[in-house]
Amino acid sequence: MDALIRSLIDGLLLGFVYGIAAMGLTLIWGVMNVINLSHGAIIALGMFSVYLLFTALGISAYIAVAITAVLGLLFGIVIYFIAVHRVIDAPELSTLLATYAVNMIIIGVGTSIFKTSPRNVPLDLGSVHLGPAVVPTTRLIAALVAILVAAGLFLFLKYTRPGRYIRAVTDNRDAAEIVGVPSAQVLALSFGLGTMLAAVSGALIATVFPFTILSGGSYELKSFVIGVLGGLGNPVGSLFGGLILGDIESLVPLVMPTTWTPVLEFVLFVVILLVKPNGLFGGEE
Amino acid sequence: MAILEMRDVTSGYGEVQILWGVTLALQKGQMVSLVGANGAGKTTLLRTIMGLNRPWSGQVLFEGEDVSKLPPHAKAARGLVLVPEGRQLFTNMTVQENLEMGASPKRSRADFQRNLELVFDMFPRLKDRRNQKAGTMSGGEQQMLAVARGIMASPKVLMIDELSLGLAPVLVLQLFESLKKLRDTGITVLLVEQNVKMALAVTDYAYVLSEGRIEIEGPSKAVASNPDVQKAYLGL
Ligand SMILES: Nc1ncnc2c1ncn2[C@@H]1O[C@H](COP(=O)(O)OP(=O)(O)OP(=O)(O)O)[C@@H](O)[C@H]1O
Ligand SMILES: [Mg+2]
């Protein structure tokens, strides 16, 4: 019983971190109907950003996470204008290819610089008691940061002018333009925010798990599963989807070999697509 | 000087040309109607003025300045405002949020409260429903909201595509009266209206568009008594 609760708590904490990565994916999809195939590469860049800031520059790990967030935002805006904007009105295949190209460039350059040897951020903050569970402090902090980021995004979208603009462009881009919203800038900002979420998620994962430049791929897949669970285009749903996935990941090892985790995740993915294509929390389309 | 002008403008969709050299001029403080059969190109004309469709050739001038190449949001910022066909509301936002979105241009923000009172005065219905999601309102209510959202922008030129669509006749009459009041405050109004008779009765000047060309223009009274117009649009 204790083992079960321990795994549940473990999974929940991880789930928040996965959740914000998925929020990034689903935000971009919701606003501009682009499936960002560079998502995983950006998660990996987030990991390496913290790694380099921490090990090479000696910057404290959580300040490095904050810096990574800012870099992620800026990088996303740059990617948008270089690779995505010119194909934004083209059929979806074009944006898929454009973001895939960005992915290949990042992975290619990253592999040649960092090779594929595993790294980790040597950060030991001890552990804390959460009920019956003893969890590494880094994992608790990662979850708290993820919750803060998610709450921040929610408040931003709901109460600020740029946030309102993002919702307006999501709803109806032409209408947003004619009431005076510079939609290209809003799209760039949204892409930047989506990228920021991926980078922060990667940064937080790096404080918990070892990683390589290729690690982003498996987290990208998780983001897709979570996105579909929570309903693509529904950032809040993503957070809940993240919790479900985090718990699957931590509960599976109790009953079967860990290698079954991705299998279960994708069975879930396919079942959701078949039964509730708008996600567990999605309405009718 | 005209506040809004089109000079020999052509435009269309993809390869299909719809407008074939349209020239028109709106004087400040005028209420002007644009009438024509279904498919004549009225919506295309408004979209081209707004920049949702790029002019292929010719010029659009706003306050004497060539704005042909400006994107729609930059035109809205200058006070050129469109209430589009099919309403194009933010359906997932509340009535209140839609009105706030209407007030996005900087020049309208100082007048927010005044404009809000004005539109709630024109459409008390919207005040009752201010927290309802726009997409769940009736067609008529959505039309009111679309017009109200346009007014929230403090327009210099307000262009309305299919004003009376879905509205009860009593309300349409009230709305025309409200628009006249707006006009009297110096706002220029360009109306596309299915009800040609009513449009010609309330506006100062009229253009008749036929197959992408301005066929007839003149003071609305004169246009209303033009035999061709009477035959084609007024069923006389
Ligand atoms: N997106 C589009 N792509 C291609 N052709 C279009 C498009 N929109 C309109 N058209 C064509 O352009 C022509 C003019 O259409 P437009 O909507 O401007 O007419 P309208 O005068 O507004 O008609 P209505 O009174 O029915 O609203 C029509 O033949 C229409 O089929
Ligand atoms: Mg039309």
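1. A polar contact here is a pair of N or O atoms within 3.5 Å; within protein, one must be able to donate a hydrogen and the other to accept it, and residues adjacent in sequence count only if both atoms are side-chain atoms. For B:Thr44 the distance from a polar side-chain atom to a ligand 1 oxygen is 2.5 Å, and a backbone N or O atom of B:Gly39 is 2.8 Å from one.

2. Keep in mind that this is a predicted model: local features need pLDDT of at least 70, side-chain atom pairs count only at pLDDT 80 or more, and totals for chains, interfaces and linings use all residues. Side-chain values use heavy atoms, with hydrogens and water left out.

3. Now the shell around ligand 1. By class it has 4 nonpolar, 6 polar and 3 charged residues (Ala, Val, Leu, Ile, Met, Phe, Trp, Tyr, Cys and Pro count as nonpolar, Asp, Glu, Lys and Arg as charged, the others, Gly among them, as polar).

4. On to the chain pair: 17 residues of chain A are in contact (heavy atoms within 4.5 Å) with 24 residues of chain B.

5. The rule finds 2 salt bridges across the interface of chain A and chain B (a side-chain nitrogen of Lys or Arg within 4 Å of a carboxyl oxygen of Asp or Glu). B:Glu100 forms a salt bridge with A:Arg164, with the closest N and O atoms 3.7 Å apart. Polar contacts between chain A and chain B come to 5 residue pairs, both residues at pLDDT 80 or more.

Note on methods: Residues are numbered from 1 along each chain as its sequence is written. Chains are lettered from A and ligands numbered from 1 in the order in which they are written.
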